[in-house]
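Dear colleague,

I am handing over the structure below, together with some notes on what was found in it. Please look through it with the notes beside you.

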Amino acid sequence: MAVGDGPWAPELPVHLSFKPNISGSVSLWSTALENYLRKGKVAGQVTYVTVWHEPENDLDESWMASASNFRRALNEVTRICRKLTAEGVGKFYSAPVMMTYTLNPSSGRDIEDWLDLSLVDYDIIAWDPYPNDHGYIHAINATVDMDATTHADNIVAAMEYSDSVGKPWSIAEMGTARFHSEMGSLGVSSYTSTDRANYMVEFANFVSGLSSPPVYVCLFTFGECNIDEDPEKTAMNAIIAG
């Protein structure tokens, strides 16, 4: 697949993320999800399914409200994924999407509140490894926000946690923005299209060289993170081509 092609094709995996009201019974949305996943599937197509991405950042949302509500919803998604896979509808995997920031001790969070395998089951852990509040990333080892962690630090932390619980992992969302005035507050004085393309290649080389590489990587491509011109398009097509 080249940048600019349509995103839906039988040979391409799909990552589906949705945010239902999980404060009540799973019956409020479970059947609708199962019916939706049955539609238009190609035999063997892989679909990763996420309920309420980055739940640890949304405890104030009434539709989510608690870690226990999230675990109940995730268990239901896992049940549906495994049922449909067993029936041969396609290959479905439950994939909670978590923030790598939650792994940072200074966050005050405990990832086990959400992913404790004695309380919840899932197939793969997907991570959003942004190293700062704004998603402005310009170098794999650049120190930015969040207590002097780098993008590399956060990616390795995600890999190590996933390995420790015996689960494969992925990068569900990673983006690199075009130069923006707020980047100046992070110490970035200049960031050209060539710089951005070079970073994308640096990132791809880094994750592919890890001892346990991610199963897949999704790049956020919207607004200032879009990839619709060269040299970024050429760099991304080269990465996809391997």
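This is a predicted model: local features need pLDDT of at least 70, side-chain atom pairs count only at pLDDT 80 or more; totals for chains, interfaces and linings use all residues.

The phi angle of Ala 65 is near 75 degrees, a positive value in a residue that is not glycine, and with a relative accessible area of 38% Ala 65 is partly exposed. The loop between strand E2 (46–51) and H2 also holds Trp 52, another residue that has a positive phi, here about 55 degrees, although it is not a glycine. Trp 52 counts as buried, because its relative accessibility is 4%, and buried means under 20%.

To set these residues in context, the protein chain contains six helices and seven strands, and when it is read along the sequence their order is β-α-β-α-β-β-α-β-α-β-α-β-α. The protein chain has 242 residues, of which 46% count as buried. Among contacts between residues at least 6 apart in sequence, 74% join residues that are at least 24 apart.

To return to Val 51, its contacts, once neighbours within four places in sequence are set aside, are with Phe 18, Pro 20, Ile 22, Phe 70, Ala 73, Leu 74 and Val 77.

Two further buried residues deserve a mention. Asn 69 has its place in helix H2 and counts as buried, with a relative accessibility of 11%. Not counting residues up to four places away in sequence, Asn 69 touches Ile 22, Ser 23 and Met 64, while Asn 69 and Val 26, which are 43 residues apart in sequence, lie 9.4 Å apart in space from C-alpha to C-alpha. Phe 92 belongs to strand E3 (residues 91–94), and at 2% relative accessibility Phe 92 counts as buried.

Helix H1 (residues 30–38) packs against H2 at an angle of about 35 degrees, with the two axes 11 Å apart, and the crossing is right-handed. On the H1 side the contact involves Ser 30, Leu 33, Glu 34, Leu 37 and Arg 38, which meet Glu 76, Val 77, Arg 79, Ile 80, Lys 83, Leu 84 and Glu 87 in H2. By class, this contact has five nonpolar, one polar and six charged residues.

Helix H4 (residues 151–164) and H5 have axes that come within 12 Å and cross at roughly 30 degrees, which makes H4 roughly parallel to H5. H4 passes H5 in a right-handed crossing. His 151, Ala 152, Ile 155 and Val 156 in H4 meet Tyr 199, Phe 203, Phe 206 and Val 207 in H5, and the residues of this contact divide into seven nonpolar, one polar and no charged.

H5 passes H6 in a right-handed crossing. In this contact Ser 193, Arg 196, Ala 197, Met 200, Val 201 and Ala 204 of H5 meet Glu 232, Ala 235, Met 236 and Ile 239 of H6, and by class there are seven nonpolar, one polar and two charged residues.

Which kind of peptide bond joins Asp 230 and Pro 231? The bond is cis, with omega at about 5 degrees, and Pro 231 has its place in the loop between strand E7 (217–219) and H6.

Note on methods
Residues are numbered from 1 along each chain as its sequence is written. Side-chain values use heavy atoms; hydrogens and water are left out. A crossing is left-handed if the near helix is turned anticlockwise from the far one by less than a right angle, and right-handed if clockwise. Helices (H or I, at least four residues) and strands (E, at least two) are DSSP runs, numbered from the N terminus. Contact means heavy atoms within 4.5 Å. Ala, Val, Leu, Ile, Met, Phe, Trp, Tyr, Cys and Pro count as nonpolar, Asp, Glu, Lys and Arg as charged, and the others, Gly among them, as polar. Axes are lines fitted to C-alpha atoms, for helices over the stretch in contact, and angles run from 0 to 180 degrees between N-to-C directions. Buried means under 20% relative accessible area, exposed over 50%, partly exposed in between (1.4 Å probe, protein chains only). Angles under 35 degrees count as roughly parallel, over 145 as roughly antiparallel, 65 to 115 as roughly perpendicular and the rest as oblique.
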